Amino acid sequence: MGSVAGVIVALYRLCIVKVDNVRTLLALNHSFLLWVILSIFIALILEVVVRRLPFISGSGIPQVRALIAKKMDYDPLKVLTGKFVGGILAIFNGLSLGREGPSIHIGSTVGHWFYNKFGGLDSQREQFITVSACAGLAAAFNAPLAAIAFSVEELQRSFSLQNALNCAVAVVSADLVSKLFFGTGPVFSIHLEGVLPVKYYGLVVLLGTLLGVSGWLFERSLLWFVDIFKKIKRFHILIPTALAWFFMLSLPQVLGGGHELVDGVSAGLFSLRTILILLICKFFFTLISYGSRAPGGIFLPMVAIGAMIGSLYHQAITSVGIVDVFYLPNFAILGIAGFLTAVVRAPLTSVVLTAELVGSFGHFMTLLLVSIVAYIASGFLETKPVYDELLKMVSQSTHPYADSQEAELSAEREGEGTDPA
């Protein structure tokens, strides 16, 4: 099951890389108008598909948790197909969305299908879904340890040795499959030359506080944008698509998940002013993209936002001679771990995932420190775990993420009541 999820997610990840490149080539080869026309067509298709299959909208993590909690049910093959194709098309349109949430959702549908197909005890249903969801995360980021931590902190909310072992088997097989596709190197090319000295730990605490406040702002803003888009009945995906046209001509770095953006800011390729502009645009473009209900996650965009905050902070303190330029990559990864913790409220997952993304556990202490501080700071501001808040919206019938089973059944009844002739 883990291998099957790994293969599908690896293919999904590969397709996203390809469409990302195709979009860039179209713009660079004077085919911008062609991309605009295609993106309009795709936005309209996505809107129809999301309306017919509401479960595929957004990251998919709230849907997975609702599925585990038996608050909803759906046809796994329909959702798998819709999420796979829809996520790829959203990235082609340039929306600021990531692959991690959809990968978890895709993985969970594999487990859901296996459970429905081969049966089992009712108590095993959660295990099928959870294990395959974690396999999806492992394949998405080459991060098996983070996938196990995610199952404990986000999906199951409790520790069981048997559950952890089941997840371990699945994530290892999924990670092996992913490595066959993408190699054994870390996801990001961040070169960390040295460990941050203890004398700078006070600066880490200050950064963690800043990240906690930033995470609170992001979480509140995201939910506000989701509510705003609830009121838009038509052409909601066309809104971020139109913004993507503007950014393609002015700031193409903010399009897509933000992989190259993370590598760029950690390597010092942008000035302080440029990073500030990129941060503001990426921040709001992510909110608009996710609020539109297009299939796609916020994890990778949050990684990019965190890296930019860490880089901005480093450049600011470097300009007054407090710390060496040498430590820019260190502050970039501190920004990633702290911002993820502040928004998701899952410090263990955030720390382990960041370490695996950059391929180094040598900076674990500073990552843990910044995450703890960010967790406390965001908690002081009464920040709620973003996926918990989105899960509440999943359970509300008035929300676009609401349980669509009733709608699907109604549609089937209408179809049955229609004379075929």
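This is a predicted model: local features need pLDDT of at least 70, side-chain atom pairs count only at pLDDT 80 or more; totals for chains, interfaces and linings use all residues.

Reader: What makes the pair R23 and D20 a salt bridge?

Author: A salt bridge needs a side-chain nitrogen of Lys or Arg within 4 Å of a carboxyl oxygen of Asp or Glu. The closest N and O atoms of R23 and D20 are 2.3 Å apart, so the pair meets the cut-off of 4 Å.

Reader: How many salt bridges does this rule give?

Author: The count is eight.

Reader: Why are V7, L11, L14, L180 and F181 called a nonpolar patch on the surface?

Author: Patch residues must have over 30% relative accessible area and no salt bridge, and nonpolar side chains are joined within 5 Å. V7, L11, L14, L180 and F181 form such a patch, with about 430 Å² of accessible area together.

Reader: Which helix supplies the largest share of the nonpolar patch?

Author: Helix α1 does, with three residues. Both α1 (2-28) and α8 (161-182) supply at least two residues each, and F181 is placed in α8.

Reader: What describes the packing of helices α14 and α16?

Author: Their angle is about 35 degrees, and their axes are 8 Å apart. The crossing of α14 past α16 is right-handed. Among the contact residues are I333 and L334 of α14 and V370 and Y375 of α16. The contact has eight nonpolar residues, five polar and no charged.

Technical notes. Residues are numbered from 1 along each chain as its sequence is written. Side-chain values use heavy atoms; hydrogens and water are left out. Axes are lines fitted to C-alpha atoms, for helices over the stretch in contact, and angles run from 0 to 180 degrees between N-to-C directions. Helices (H or I, at least four residues) and strands (E, at least two) are DSSP runs, numbered from the N terminus. A crossing is left-handed if the near helix is turned anticlockwise from the far one by less than a right angle, and right-handed if clockwise. Contact means heavy atoms within 4.5 Å. Ala, Val, Leu, Ile, Met, Phe, Trp, Tyr, Cys and Pro count as nonpolar, Asp, Glu, Lys and Arg as charged, and the others, Gly among them, as polar. Patches are made of residues with over 30% relative accessible area and no salt bridge: like charges are joined within 9 Å, nonpolar side chains (Val, Leu, Ile, Met, Phe, Trp, Tyr) within 5 Å. Accessible areas come from the Shrake-Rupley method with a 1.4 Å probe; for residues, only the protein chains shown count as cover.
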